[in-house]
Amino acid sequence: AKMSPSLFNFVEAKKKFATSAKHALAGKTGKNLVNAFNQIPGSETEKKTTLDQALRGVLGDQIVEPKSSCDEYLSLIYLSIDCVTEGICSATTPFVLLGDVLDCLPLHQCDKIFSFVEENVSTWKSNSFYTAGKNYLLRMCNDLLRRLSKSQNTVFCGRIQLFLARLFPLSEKSGLNLQSQFNLDNITVFNKNEQESSLGQKHAEEKEDGMEVEEGEMGEEDAPAPCSIPIDYNLYRKFWTLQDYFRNPVQCYDKVSWITFVKYSEETLAVFKSYKLDDMQASKRKLEDLRTSGGDHVYFAKFLTSEKLMDLQLSDSNFRRHILLQYLILFQYLKGQVKFKSSSSVLNDDQGSWIEETSKLVYQLLREIPPDGDKFATMVEHILSTEENWNSWKNEGCPSFVKERTVDDKPKRPTRKRQAPEDFLGKGPDRKIFMGNDELTRLWNLNHDNMDACKSESREFIPSLDDFFSEAIEQADPANMVEDEYKVVRNPNYGWRALRLLSRRSPHFFQPTNQKFKSLADYLDSMVSKLAKELPKDVPSEEIKTGEEDDDDNGDNLLKDSNDSPSIQNKMVTNQQMDDVAAKLGARWKTLATHLEMKAAELREIETDSEDVDMQAKLLLVAWQDREGTQATVDNLAAALNVAGFSQIAENLSEG
């Protein structure tokens, strides 16, 4: 009787793997694990799964023991990477271990672990790890961002964002703001109660007195320039109210909000224009202080909106640059073409002209802010121009940056192993001769008899003698009083063509003569005089030209007839039409989706992108338009609507 195969013992295998892993960590080599993997009986899948669990168990033991450094954790993760390379554990194991470590450690140790993640970005992007681990890394980074404070751990948050940008390609749609959504939670809080405001007359007087005492103590060189801006509560309120428009630019398309925005902006920019920062010494002192302190400085992710800081903020060059740059970003969005903008989000002519004038003023103010104002303004202008390219790329549906070779989509003729003679000798039913190239075949078969085609009158390009020399004969007549230097026979180009024509059409060209000519123009003068005697004088040149013009007209008519062939050019679906159809469909958009041949994965993506049913319907139509390209016509959409049972919507679409 045959021996039945022994069952795989998970518990024993896990113990052996855990022991081997600890020996491997102590000896800093993975050979023990590879040997243990080969000796333990069982299938590859069972052993890989067991080793994954064993490594997580070893990590759990390490985490339980308090440690001052993270070296042991990193050694285990390095070991798991080697195991993946050797093919003895799952490709997801290093990422699972990283997630466990980051979940269990405090933030100051997470910083060290994340430095390891950043240094090994080339490993994560390799073929062995990228597909298996990209979702784990994304989830791990999002979990870290939830634990971090955007105001306190700003640098750490920025490192995570930069790592994700390096890890994922530019075309990764999960990292793109395709619908141009804004961070509406970024609300700037300031004092909106005028009664609680400290910007009163008494406060201003006390402040001036206090500044005088401070100036006397500080000395002449370090004394700040006195603030000449009349700061009151109205200026404070209007200035910080503008941040709400920068937070949500869509408000600017509302007429009432636009009037408020323009009024507050003009007052703010007038303050910037009237109070210019023309003293370079303060900026130089700041740069020197930064150099001496090693470049460390405090960065605040939010604006400080205290009333007491208002005069200092308006005197700060960096603060002014922040505000002016916000204006330029807002203007670019309002003027730009964004795919998911509502059809009502359009500026009128007055708004467009105001934005143009204000943009020039903002750039002028940027150039006047020290230090290096011109350089900073030029750099901002360049960055915003590249941003327009980025927006147009997103509007086009984020096409791949890798250009693939074009594939000929034309249906190919079924080839035989050995072609029949009638296929290429013009003896088939259509008597078409195949030359081995589509363009050559087309040219060869324009006419059944190529010699007749070459002899046709339409192929006659050489002009007649009377047409070509008519101008020269007219200029040679003394009655017309044309000076020699202005005659066409003096033109070398004309002379070269005249010799070629005479050699083909005139018998005088080959007749011997004893005359000696100093130049080509003298020879042509003699030929023109001979031709003038021979050409018929009773037939006006206008009649000759009339015949040729009739021929040209006939040719033009033929061209027009050929161009008027019945080719139907369907209108493409516009953004306004898609808005109308989406509004009428509403929650019934899935019924249309099946008739537009949309995949289930695309429908799930639409549902996750937006919860609004009208926006979901709009996303469906946009995805269909991106896929169909030039075939996204009104007729095709109307046909799909009719089949789906929306005949009324289809009828309105066709009429519109």
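In which hand does helix 25 pass helix 30? The tour comes to that pair after an overall view.

**Whole chain**

This is a predicted model, in which local features need pLDDT of at least 70 and side-chain atom pairs count only at pLDDT 80 or more, while totals for chains, interfaces and linings use all residues. Residues are numbered from 1 along each chain as its sequence is written, and side-chain values use heavy atoms, with hydrogens and water left out.

Show the chain as a cartoon: 30 helices and zero strands are present. Helices (H or I, at least four residues) and strands (E, at least two) are DSSP runs, numbered from the N terminus. Of the 656 residues, 32% are buried; buried means under 20% relative accessible area, exposed over 50%, and partly exposed in between (1.4 Å probe, protein chains only). The accessible surface is about 43,100 Å², with 51% belonging to carbon and sulfur atoms; the areas come from the Shrake-Rupley method with a 1.4 Å probe, and for residues only the protein chains shown count as cover. Among contacts (heavy atoms within 4.5 Å) between residues at least 6 apart in sequence, 70% join residues at least 24 apart.

**Helices 6 and 8**

Select 107–119 (helix 6) and 130–147 (helix 8), whose axes come within 12 Å and cross at roughly 150°. Axes are lines fitted to C-alpha atoms, for helices over the stretch in contact, and angles run from 0 to 180 degrees between N-to-C directions. The two helices are therefore roughly antiparallel; angles under 35 degrees count as roughly parallel, over 145 as roughly antiparallel, 65 to 115 as roughly perpendicular and the rest as oblique. The crossing of helix 6 and helix 8 is left-handed: the near helix is turned anticlockwise from the far one by less than a right angle, whereas clockwise is right-handed. Show side chains for Leu107, Cys110, Phe114 and Val117 of helix 6, and for Leu137, Met140, Cys141, Leu144 and Arg147 of helix 8, which make the contact. Eight of these residues are nonpolar, none polar and one charged. Ala, Val, Leu, Ile, Met, Phe, Trp, Tyr, Cys and Pro count as nonpolar, Asp, Glu, Lys and Arg as charged, and the others, Gly among them, as polar.

**Loop residues**

Move to proline 371, in the loop between helix 16 (349–368) and helix 17 (373–395). The peptide bond from proline 370 to proline 371 is cis, with omega near -5°. Next, select methionine 481, between helix 21 (465–476) and helix 22 (492–505). Its phi is positive, near 50°, and methionine 481 is exposed at 72% relative accessibility. Most residues other than glycine have a negative phi, and most peptide bonds are trans.

**Helices 25 and 30**

Select 575–585 (helix 25) and 647–655 (helix 30): the axes come within 11 Å and cross at roughly 165°. The crossing is right-handed. Gln577, Val581, Lys584 and Leu585 of helix 25 meet Ile649, Asn652 and Leu653 of helix 30. By class, that contact has four nonpolar, two polar and one charged residues.

**Helices 27 and 28**

On the way, stop at glutamate 597, in the loop between helix 26 (589–595) and helix 27 (600–609); its phi is near 60°. Ile606, Glu607 and Asp609 of helix 27 contact Gln616, Leu619 and Leu620 of helix 28.
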